[in-house]
Amino acid sequence: MLDLQRLRALHAVSVHGTVGAAAAALGFTPSAVSQQIAKLERETRTVLLEREGRGVRLTDEAWQLAAAARELLALVERAETRLEERRGVPSGRLTVAAFPSAARGLMPAVLADLAKRHPALDTRLTEVDPHLSVDLVAKGAVDLVVAHDWDIAPLPAPAGVEQAAVGEDLCDLLVPEGHRFAGRAGVRRAELGGERWICQPPGRVCHTWLLRTLRGAGHEPDIVHQADENPTLVALVAAGLGIALIPRLGRGPLPAGVVEVPLDPMPVRRLYALWREGAARRPAIAETVRTLRAHWPHASARTAAPHSRPTG
């Protein structure tokens, strides 16, 4: 009989692409995941992983077994959901994936609140890029996702995935002290031409938003520095190396030398919770979504700074 935990390890590798990423998602070490799959290979008398450069690739047999594992894990999830429904209280393990600024600015308080009020619930967080997270919940790699979208890129909810709005995160223009925009009540998008920009790399929603917005206003953006993390972007602005558009959630206090200026109209990204269809019957899912919404006003108020609306 095939071991479910070993099938879970193979399924995680098929979803995340590497042993290391699968281990991080499962809360194991890479060596533990490798050992699970090695045992599964012995049980099935089948080669499942082959070396490819510095990584591995799944064999055709492994993909077939991973597809079967996904079906089995879905059955287990439905059984666990029914049991938790009967108990009527959040319990068991709940895996949550959130994008970096939500993992930093929202999830710590949410996880602490859940742990305090529901000791039978074992909630585990993984930080995941938002463009990857929806696929993870659809494939059963995580139970719940906290993701975001912008007006130019609505969040896709594939078949079998449900979503609920959590809140709206405002974004500000950050400029070095002494910049021509510093001290302004607001800046219109038509005024953004000729600036040196600091932004996330291509493929990120923020990068796409900047390109479309500036080109729509008749400006070709000059992106001089790129970095993944918002604190790095802020540090580059503080050094006087350019300007950046950065959401407020998880941003933290601005360092000396950085000035926040509202952009008119102000960009907004929307936060959502997503889960597999039917899983909302599980008390753990319903309670986590409720807790996310309950903590959002505090998280957004903590990061917001008073400002006046642009004039002229």
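Predicted model: local features only at pLDDT ≥ 70, side-chain atom pairs only at ≥ 80, totals over all residues.
The structure holds 0 disulfides, a disulfide being a pair of cysteine sulfur atoms within 2.5 Å. The sulfur of C171 is too far for a bond, because the closest cysteine sulfur, in C206, lies 6.7 Å away. C206 is in no disulfide either; its nearest cysteine sulfur, that of C199, is 6.6 Å away.

Residues are numbered from 1 along each chain as its sequence is written, and side-chain values use heavy atoms, leaving out hydrogens and water.

Next come the aromatic rings. Rings of Phe, Tyr and Trp (its six-membered ring) pair if their centres lie within 6.5 Å; planes under 30 degrees apart count as stacked, over 60 as edge-to-face and the rest as tilted. The count is 1 aromatic pair. W150 and W209 form this tilted pair, 5.7 Å centre to centre with 40° between the planes. W150 is in strand β5 (residues 144-150) and W209 in helix α8 (residues 205-216), 59 residues apart. Both tryptophans, W150 and W209, are buried.

Helices are DSSP runs of H or I with at least four residues, strands runs of E with at least two, numbered from the N terminus. The buried residues of α1 include L7, L10 and V13. Just after α1, G17 takes a positive phi of about 95°.

Technical notes. Buried < 20%, exposed > 50% of the residue type's maximum accessible area, 1.4 Å probe, protein only.
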